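Welcome, and please open the model in your viewer. We will go from the whole chain to single residues, one selection at a time.

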Amino acid sequence: MTRTITITVCVLMLAGAAFANVELNTEALTEITTTDEAGQEVTTRVQAGKVVPGDEVIYTITFANRGTEPAADVVITNPIPDHMVFTRVEDSPRPANVSMSVDGGNVYDAPRNLTVKDAKGNTRPAKASDFTHVRWTFQNSLEPGAEGSVSFKAQLQ
């Protein structure tokens, strides 16, 4: 059974007009491993086409401040796509804090601080399968011309 994945990226604009010049691009990639002519294994990232249950997808959001002013209070929020289970943050700039949500993006915190209620109403620590969103909150302004990327991995269930 194959499933088509849909990439949804949501960016929260918190800093006014200067922030509007931050350009974002998103791609979904998978890794394939091949053997080169020398017999060495080579892992390459390619666009995710059709993925099957168990496949891992790398969601990468590249950003660039195309404006002439620093962009402050930059926050990038990405929902975990339906039928995908978060596995890990793959890429995160040093001046950005990563937080997760388990309630559809209403509340964010460090994964170790998140809890959910089970069917009986008992509270338990959140697991990766409970995460609904990943968020990067930048601690420093993005200077004009600054660019980089954030990414996370998720597995198709």
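On this tour, a contact means heavy atoms within 4.5 Å. What you see is a predicted model, where local features need pLDDT of at least 70 and side-chain atom pairs count only at pLDDT 80 or more, while totals for chains, interfaces and linings use all residues. Residues are numbered from 1 along each chain as its sequence is written, and side-chain values use heavy atoms, with hydrogens and water left out.

**Whole chain.** Start with a cartoon view. You will find eleven strands and zero helices; here strands (E, at least two residues) and helices (H or I, at least four) are DSSP runs, numbered from the N terminus. Of the 157 residues, 34% count as buried, which stands for under 20% relative accessible area with a 1.4 Å probe and protein chains only; over 50% is exposed, and partly exposed lies in between. Among contacts with a separation of 6 or more, 74% link residues 24 or more positions apart.

**The five-stranded sheet.** Next, colour the open sheet with the order S3-S2-S4-S11-S6 and antiparallel pairing. Two strands pair if DSSP finds at least two bridges between them. Which strands stand at the edges? They are S3 (41–47) and S6 (84–91); each has a single partner strand, so one side of each is left without a neighbour in the sheet. Now select residues 22–35 and 56–65: these are S2 and S4, antiparallel strands joined by eight bridges. Zoom in on Leu-29, whose bridge partner in S4 is Ile-58.

**Ser-151.** Move to strand S11, residues 147–156, and pick Ser-151 there. Is Ser-151 buried or exposed? Its relative accessibility is 3%, so Ser-151 counts as buried. Leaving aside neighbours within four places in sequence, the contacts of Ser-151 include Ile-58, Glu-90 and Trp-136.

**The nonpolar core.** Show side chains for the largest nonpolar core, which has 28 residues; Ile-76, Trp-136, Phe-138 and Phe-152 have the most contacts inside it. Such a core is a set of buried Ala, Val, Leu, Ile, Met, Phe, Trp, Tyr and Cys residues joined through side-chain atoms within 4.5 Å. Elements that give two or more residues to this core include S2, S4, S11 and strand S10 (133–138).

**Phe-138.** Finish by selecting Phe-138. Neighbours within four places in sequence aside, Phe-138 is in contact with Phe-63, Val-74, Ile-76, Pro-93, Pro-95, Ala-96 and Val-150.
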